[in-house]
Amino acid sequence: MSTTNPGTDVLRSAYQKSVAAYWNNNPNDDRVNLRLGDVDGLYHHHYGVGDYDPSVLEGPQDTRDERIITELHRLETAQADLLLNHLGQITFDDQVLDAGSGRGAVSFMANHRFGCRVDGVTISKYQVGFANSQARHRGISDRVSFHFRNMLDTGFETGSRRGVWTDETTMYVDLFDLFAEFSRLLKFGGRYVCVTGCSDDLTGRSEAVRTIDEHYTCNIHPRSDYFKALAANNLVPITVIDLTALTIPYWELRANSSLATGIEEPFLTAYREGSFHYLLIAANRI
Ligand SMILES: C[S@@+](CC[C@H](N)C(=O)[O-])C[C@H]1O[C@@H](n2cnc3c(N)ncnc32)[C@H](O)[C@@H]1O
């Protein structure tokens, strides 16, 4: 199902309104995202992967924080690069969708890498404005655009997308509804890539996972739900990478920076105790 005018009726529940309000006005987390994005103008709203260079913690105190921030940004960009590595063969003529596009960094990276046409959707009007002004500033607004639309009902044409991704956005929605929309949008043989945190099915929702949910107004899904919802929607996992060990250094480094918000410890606890996993799933539309 798709709306004829997806710009209206975007926020369909009290919960979606509260998520939009969070992303329109989240000064504490925004401080982190803006400071890291200022490093090179790519404003991410996700976490990082890979080992950090331990030398950033040494050296002059007055530049220590600068070094840590640059390193955290390198790791969050590495995460987006890893996601894009799994998007398959994308060409200049292809159209892709960034579902829950934040300030647009992953969309810009995809366009830069593949030359493809990118649409980003987010339920934050503020983010749409920010990302579109970045696209204009980069001189690519004819190829990369952002829309105030709900990723559960994007209004884009059926079968129009070679690739779709979600980078830390699936915890805000019902996975069956979401993957039904992605299945509709993807061409046969198209690729969906998801990077997400998910709870462990055996431990259940730990206290640390519940704390993360409360902090971000989200609803972390069990790992098994991803695979059930993909299978129900003709999306076949082709690669699954558990990134948990790879993301722990990012959180350790962030806990050591002036930008720490206090959410670092629940993430580290949840990852270390095994109640929370950080996953990349790439799936083919069959
Ligand atoms: C953690 S941010 C991730 C942003 C971006 N993917 C990134 O990696 O920088 C979550 C994003 O999901 C968006 N979002 C949440 N629910 C949504 C929905 N139902 N439709 C579209 N976007 C949604 C938020 O507005 C926000 O942009």
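Cys194 is buried, at a relative accessible area of 1%. Buried here means under 20% relative accessible area, exposed means over 50%, and partly exposed is in between, with a 1.4 Å probe and protein chains only. A word on the source: this is a predicted model, where local features need pLDDT of at least 70, side-chain atom pairs count only at pLDDT 80 or more, and totals for chains, interfaces and linings use all residues. Residues are numbered from 1 along each chain as its sequence is written, and side-chain values use heavy atoms, with hydrogens and water left out.

A disulfide is a pair of cysteine sulfur atoms within 2.5 Å. How many disulfides does the whole structure have? The search finds 0. Cys116 is in no disulfide either, and its nearest cysteine sulfur, in Cys194, is 19 Å away. Cys116 also counts as buried, at 0% relative accessibility.

Now the cavities. Rolling a probe the size of a water molecule over the atoms shows where empty space is left. A cavity is a set of points, on a 1 Å grid over the protein atoms alone, where a 1.4 Å probe fits but cannot get out; lining residues have an atom within 4 Å of a point. Points are joined across faces, edges and corners, and the volume is the space filled by probe spheres set on them.

There are 2 cavities of 30 Å³ or more. Helices and strands are DSSP runs, numbered from the N terminus: helices are H or I with at least four residues, strands E with at least two. Nonpolar covers Ala, Val, Leu, Ile, Met, Phe, Trp, Tyr, Cys and Pro; charged covers Asp, Glu, Lys and Arg; the others, Gly among them, are polar.

The second largest cavity has a volume of about 300 Å³. Its lining has 24 residues, with His45, Tyr47, Glu168, Tyr216 and Phe267 nearest its centre. Here H2 gives the most, with 4 residues. This lining divides into 16 nonpolar, 4 polar and 4 charged.

Methods. On a 1 Å grid over the protein atoms alone, a cavity is a set of points where a 1.4 Å probe fits but cannot get out, and a pocket is an open set with protein on both sides within 12 Å along at least five of seven lines; lining residues have an atom within 4 Å of a point.
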